[in-house]
Amino acid sequence: MDAESGSKASNGNSKSASVRVGSSGKPLHTTLAGAPVSDDNNSVTVGQSGHLLFEDVHLFEKQARLNRERVPERFVHAKGAGAHGYFEVTKDVSNLCKAKFLSEPGKRTPVFARFSSVAAERGFTDLARDVRGFAVKFYTEEGNWDMTGNNTPVFWVRDPLKFPDFVHSQKRNPKTNAKDPNAFWDFLSLVPESMHQLLITFSPRGVPATYRNMNGYGSHTFKWVNKERKAHWVKFHLVTEHGIKNLTHEEAVSLSGSKPDYATEDLLTSIEEGNFPAWKFYVQVMPLEDAPKYKWDPFDLTKVWLHKDYPLMEVGRLVLDRNVENYHAEVEQAAFSPGSFVPGIEASPDRILQSRLFAYDDAARYRIGTNFHDVPINKPIVKVQTYSRDGAMVVSDNGGSKPNYYPNSYDNLPQNDPTQPDVHPHEGGTVGRFPPRKWEEQDDYEQPRMLWKLMSEEDKEQTVSNIANHIRGAAEFIQERQMGLFRKCDGDLASRIEKKLAEKKKSPEPYTMIA
């Protein structure tokens, strides 16, 4: 199946029946049950000035539907934009991965991509200083593969037990319902491993100008397995072909007032104008035996693999060339999960990844319903054959009259395929609650220190100004604790922030947590 036909199959735009027309020869307006609507401007009443009647089913149907039009928004990544496109293999990586959509150069796979901010609500500005979500659904001939990434190669925490607390610290204060700098900095100043992500977020890259002008990363470590069952650890990188472009604090705050949907509009108009967003897809590859010997825990989400140790290898190209037709049906109902794997791509011991394997699909079950996989934007382009049944909003044949259990005695029903294991074991150990040894041995300040030293003088100045402007809203004792972490990271970084913070405290500039 080619990219175009695959994309259309994925979003449900194909007509299931011919258009009904009324006596005027124009498309007929109907109720949800399909009955003709005679007048959609006036409710049914007793005479011109009388009471409404309950027999006006069309009126109450419209009101009831309006009350239920919104599904719960995502708790994180609530505001987003998306588009359809394709992924094309440009280099032969079949020696590393047996996934069929990667089998040969030139092969195309339809995709749907969604970009988002993380901490804010659906109605918030696109221009907040925040990590950006970068999720891509690949509709492959072996099922859907979802790359649920961000525009940063690392994250704030590395153990999922901290994740709900981190999210709460980024959300609104439970009393004031306002953004809370104390919560933001209180949590981070007690979690030193967050320093790497913190520096990236407050650097110039903290506010991407558009979704086209940022990179995407799988962030986690994953496993690639080839046809001979030889495995490697990998990290995914999507490098923009449009160049990195960012907004300063001042630009972001100004645009938030005049164009809060700036990035959303840019994605739409760039595709309409034929300036298709595009990224080169690369991987870093690590032999399994290197993992225990690497300086940093290769499964720690707060750390990167240095490119000099594991260079980028080109795989393919991602292009978005078609806008959505309906935001709710496609962007809002799109459900991504790092647990959506295809043969040849597997998980690693990354603790956050392991937790997300369950959490993301569970969020979709809550937001959209048990049968969210049957929503056209989420539906694979290959036939799904399962023993799962029932639940709210079944829109398939629900398995018909066939047995809904396994094992069973029928050869014509779905059978297991032991030749395609979905997990290739790599190591074992004693079960317990403890941090990996390398987490205790490694220096959580070394990589952010390296990042700081790599920054240009201009980027250093912006980063320092952004941090000082943001942290000045937090309580004094939290500022002091965070400054202690900055000093451990780099003395020059800390002294610059202290100096800039003193200036900001005297400035008449109004405080904002937007950017």
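Val-239 is found in strand E7, which covers residues 231-240. Strands (E, at least two residues) and helices (H or I, at least four) are DSSP runs, numbered from the N terminus. The model is predicted, so local features need pLDDT of at least 70 and side-chain atom pairs count only at pLDDT 80 or more, while totals for chains, interfaces and linings use all residues. Residues are numbered from 1 along each chain as its sequence is written, and side-chain values use heavy atoms, with hydrogens and water left out.

**Single residues in their surroundings**

Val-239 is partly exposed, with a relative accessible area of 27%. Here buried means under 20% relative accessible area, exposed means over 50%, and partly exposed lies in between (1.4 Å probe, protein chains only). Leaving aside neighbours within four places in sequence, Val-239 is in contact (heavy atoms within 4.5 Å) with Asn-215, Ala-278, Trp-279, Lys-280 and Tyr-282. Phe-202 is 37 residues from Val-239 along the chain, and their C-alpha atoms are separated by 20 Å.

Thr-201 lies in helix H5 and is buried, with a relative accessible area of 4%. Leaving aside neighbours within four places in sequence, Thr-201 is in contact with Arg-129, Asp-130, Val-131, Trp-156 and Gly-206.

Phe-134 belongs to strand E3 (residues 132-140) and is buried, its relative accessible area being 0%. Between Phe-134 and Lys-62 there are 72 residues of separation in sequence and 36 Å in space, C-alpha to C-alpha.

**Aromatic pairs**

The structure holds 31 aromatic pairs. Rings of Phe, Tyr and Trp (its six-membered ring) pair if their centres lie within 6.5 Å; planes under 30 degrees apart count as stacked, over 60 as edge-to-face and the rest as tilted. Two tilted pairs are set out below.

| Pair | Centre to centre | Angle between planes |
|---|---|---|
| Phe-138 and Trp-145 | 4.7 Å | 35° |
| Phe-166 and Phe-187 | 6.1 Å | 50° |

Both Phe-138 and Trp-145 are buried. They also belong to a cluster in which ring pairs link Phe-87, Phe-101, Phe-138, Trp-145, Phe-222, Trp-224, Phe-236, Phe-281 and Phe-341.

In the other pair, Phe-166 lies in helix H3 (residues 163-170) and Phe-187 in helix H4 (residues 181-188), so the pair ties together parts that are 21 residues apart in sequence. Phe-166 is buried, with 4% relative accessible area, and Phe-187 also counts as buried, at 15%.

**Packing of helices**

H3 and H4 pack at an angle of about 150°, with their axes 7 Å apart. Axes are lines fitted to C-alpha atoms, for helices over the stretch in contact, and angles run from 0 to 180 degrees between N-to-C directions. The two helices are therefore roughly antiparallel (under 35 degrees counts as roughly parallel, over 145 as roughly antiparallel, 65 to 115 as roughly perpendicular and the rest as oblique). H3 contributes Asp-165, Phe-166, Ser-169 and Gln-170 to the contact, and H4 contributes Ala-183, Phe-184, Phe-187 and Leu-188.

In helix H11 (residues 446-454), the buried residues are Glu-446, Gln-447, Pro-448 and Trp-452. What covers them includes helix H5 (195-202), helix H12 (457-471), helix H13 (476-489) and helix H14 (491-506).

**Charges over rings**

A charge sits over a ring if NZ of Lys or CZ of Arg is within 6 Å of the ring centre and within 35 degrees of the ring normal. Lys-171 lies over the face of Phe-75, at 5.0 Å from the ring centre. Arg-351 lies over the face of Trp-439, at 5.1 Å from the ring centre.
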